[in-house]
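Please find below a colleague's note on the structure shown here. The points are set out for reading alongside the sequence and the coordinates.

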Amino acid sequence: MDLQKWIDKGYDLIIDFGPKVLAAIAIWIIGSWIIKSLIKGLRKTMDKRDYDPSLKKFLLNLLGWTLKIVLIIVVLGTVGVETTSFAAILAAAGLAVGLALQGSLANFAGGVLLMIFKPIKIGDLIEAQGEVGVVKEIEIFTTKLTGLSNREIIIPNAALSNGNIINYTTEGTRRVDLVFGVGYDSDIKQTKEVFSQVLAAHPKVLKDPAPTIAVSELADSSINFVVRPWCNAEDYWAVYFDVTEQTKEALDAAGIEIPYPHAVEIQKEG
């Protein structure tokens, strides 16, 4: 007898909630397809209008999550959950979560600031928070960089937007700062000529702005020269390594003494 009661109750539940559940499933499937199609269409439109890649990804992610939340509320309302009560619960939960996740909200706000003021964009070589890398993605909460050794670096947007950012790509060119030391018996004019020849022969060293070659210091055991060629940002390391190697070879060929040990160092840009 008890079994029959449970069976009857099961039938009643199926009759009462079965159509609602089926409708909710249908709404979820159709709604998900609509959201996916809408995002895909917007992506194509943004591609045609040449939107900034970082802004495009950020807006699409934000819109996608917003539409999914709306879809969940509609599905719950279809099943029979009181949406007004759910909205109140969601608001209360949102407040609690917001207090617990203040850092995440700060990261979200930082992401918005990065999108508005655009200090960086995808493809830029930057230095921030003690890291150097190429901007790979600017997401809602974090920004991903590809480090110089092909590492993935993830920086919270709050720290990125509130900290110092050195963007090496914005101006298009970079200055390579090198220091070379030669012996005190070396002829300064001849040494400068050797440096000039090395820079003039390198195809990636720019003619304008012109390189700087000058005596920077009379050290204890050497006369130190600053050699500062300019190049395109993407050619920085090629110029740095090539000029270092070729200058050593040119100095040896010219018979100009290089004190030992000899240090070639990159200085911070002034």
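The numbered points that follow concern a predicted model.

1. Packing of two helices. Two packed helices are described by the angle between their axes and the distance between the axes. In this predicted model, helix H6 (residues 188-201) packs against helix H7 (residues 236-253) at an angle of about 135 degrees, and their axes are 10 Å apart. H6 is therefore oblique to H7. The crossing in which H6 passes H7 is right-handed.

2. Residues at the helix contact. H6 contributes Thr191, Val194, Phe195, Val198 and Leu199 to the contact, while H7 contributes Val243, Gln246, Thr247, Ala250 and Leu251. Sorted by class, the contact of H6 with H7 comprises 7 nonpolar residues, 3 polar residues and no charged residues.

3. The largest nonpolar core. In soluble globular proteins, nonpolar side chains tend to be buried together. The largest nonpolar core of this model holds 20 residues, of which Val176, Leu178, Phe195 and Leu251 touch the most other members. The elements giving two or more residues to this core are strand E7, H6, strand E9 (223-228) and H7. H7 supplies the largest share, 5 residues.

4. Leaving out residues up to four places away in sequence, Leu251 touches Val182, Thr191, Val194, Phe195, Ile256 and Ile258. Another core, of 13 residues, lies apart from the largest one; Leu114, Ile120, Val135 and Ile155 are among its residues.

5. Ser186 is located in the loop between strand E7 (178-182) and H6. Its relative accessibility is 13%, so Ser186 counts as buried. When residues up to four places away in sequence are not counted, Ser186 touches Thr191, Ile256 and Glu257.

6. Leu71 is found in helix H2 (residues 53-79). Is this residue, Leu71, buried or exposed? With a relative accessibility of 9%, Leu71 counts as buried. Apart from neighbours within four places in sequence, Leu71 is in contact with Ile27, Trp28, Gly31, Ser32 and Ile35. For one of these residues, Ile35, the separation from Leu71 is 36 residues in sequence and 9.1 Å in space, C-alpha to C-alpha.

7. A cis peptide bond. Asp208 and Pro209 are joined by a cis peptide bond, with omega at about 5 degrees. Pro209 is placed in the loop between H6 and strand E8 (212-218).

8. Positive phi at Lys118. Although Lys118 is not a glycine, its phi is positive, at about 50 degrees. Lys118 belongs to the loop between helix H4 (102-117) and strand E1 (125-128). The relative accessible area of Lys118 is 46%, so the residue is partly exposed.

9. Positive phi at Gln129. Gln129 is a residue other than glycine with a positive phi, near 55 degrees. The loop between E1 and strand E2 (131-138) contains Gln129. Because its relative accessibility is 44%, Gln129 counts as partly exposed.

Key
Residues numbered from 1 in each chain as written. Predicted model: local features only at pLDDT ≥ 70, side-chain atom pairs only at ≥ 80, totals over all residues. Heavy atoms only, no water. Axes fitted to C-alpha atoms, helices over the stretch in contact; angles between N-to-C directions. Helix = DSSP H or I, 4+ residues; strand = E, 2+ residues; numbered from the N terminus. Parallel < 35°, antiparallel > 145°, perpendicular 65-115°, else oblique. Left-handed = near helix turned anticlockwise from the far one by under 90°. Contact = heavy atoms within 4.5 Å. Nonpolar A, V, L, I, M, F, W, Y, C, P; charged D, E, K, R; others polar. Buried < 20%, exposed > 50% of the residue type's maximum accessible area, 1.4 Å probe, protein only. Core = buried A, V, L, I, M, F, W, Y, C linked by side-chain atoms within 4.5 Å.
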